[in-house]
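I wanted to look up the pockets, a sheet and the salt bridges here.

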Amino acid sequence: VPNASDPDGDTLTFSVTNLPGWARFNTSTGELSGQPTLVDAGVYGNIRISVNDGSTTVELRPFSITVTQASLGSATLSIQAPATNTDGTPFTDLMAFKIYFGMTSGQYPNEIYINSPGISSYVVENLAPGSYYFVATAINGTGMESSFSNEVTRVVN
């Protein structure tokens, strides 16, 4: 967050150029924030933040952000098909599992399709350090997907 003020008390509006795709920018405060993922590793250069009071624009020196890949870990999960479908009928003809996960409870932007109904555990690999939240579903022969399992949390160091 840049430190800016206006001697006349004019409203300040911030802007940015060359904002990385994974980043967010607040035009009211100038805050640049975000959480890059593994695919975002690299150097993001010539980022420029400026502020305008309605008549004058001042720009910070251009800067770069380097995103490096952290040591990767894994999480081992136990998997079990549900006893019933979401409509209450018995769950039969297990064909596959799906594991959904993310770094915020209740939000699962990542998914893994497991076309191996006989497994009872699965290792999710290449996870950056942090807390992960997982749920799983089972898929039967007609393609019906069960509701989410209970959420489990794993911490990757």
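I began with the largest pocket, which holds about 540 Å³ of space. My pocket rule: on a 1 Å grid over the protein atoms alone, a pocket is an open set of points where a 1.4 Å probe fits, with protein on both sides within 12 Å along at least five of seven lines, and lining residues have an atom within 4 Å of a point. A volume is the space filled by probe spheres set on the points, which are joined across faces, edges and corners. I noted 22 lining residues, with Pro36, Thr37, Leu38, Met103 and Tyr132 closest to the centre. Strand 8 and strand 10 (121–127) are the elements that give two or more residues to this lining, and strand 10 has the largest share with 3 residues. Strands here are DSSP runs of E, at least two residues, numbered from the N terminus.

This is a predicted model, in which local features need pLDDT of at least 70 and side-chain atom pairs count only at pLDDT 80 or more, while totals for chains, interfaces and linings use all residues. Residues are numbered from 1 along each chain as its sequence is written, and side-chain values use heavy atoms, with hydrogens and water left out.

Next I took the second largest pocket, at about 310 Å³. Its lining has 20 residues, and Ser78, Ile79, Gln80, Ala136 and Ser149 lie nearest the centre. Strand 11 (130–140) gives the most to this lining, with 5 residues.

I then traced an open sheet of 4 strands, ordered 9-8-11-12 with antiparallel pairing; two strands pair if DSSP finds at least two bridges between them. Strand 9 (110–114) and strand 12 (152–156) are at the edges with a single partner strand each, so one side of each has no neighbour in the sheet. Strand 8 (residues 94–102) pairs with strand 9 over 5 bridges, and Tyr100 stands opposite Glu111 in strand 9.

**Salt bridges.** How many salt bridges are there? I count 2, taking a side-chain nitrogen of Lys or Arg within 4 Å of a carboxyl oxygen of Asp or Glu. Glu59 and Arg48 meet at 2.8 Å, N to O. Glu59 is in strand 5 and Arg48 in strand 4, so this pair ties together parts 11 residues apart in sequence.

Glu111 turns up again, meeting Lys98 at 3.5 Å, N to O. Glu111 belongs to strand 9 and Lys98 to strand 8, so the pair links parts 13 residues apart in sequence. Is Lys98 buried or exposed? Lys98 counts as buried at 16% relative accessibility, whereas Glu111 is partly exposed at 47% (buried is under 20%, exposed over 50%, partly exposed in between; 1.4 Å probe, protein chains only).
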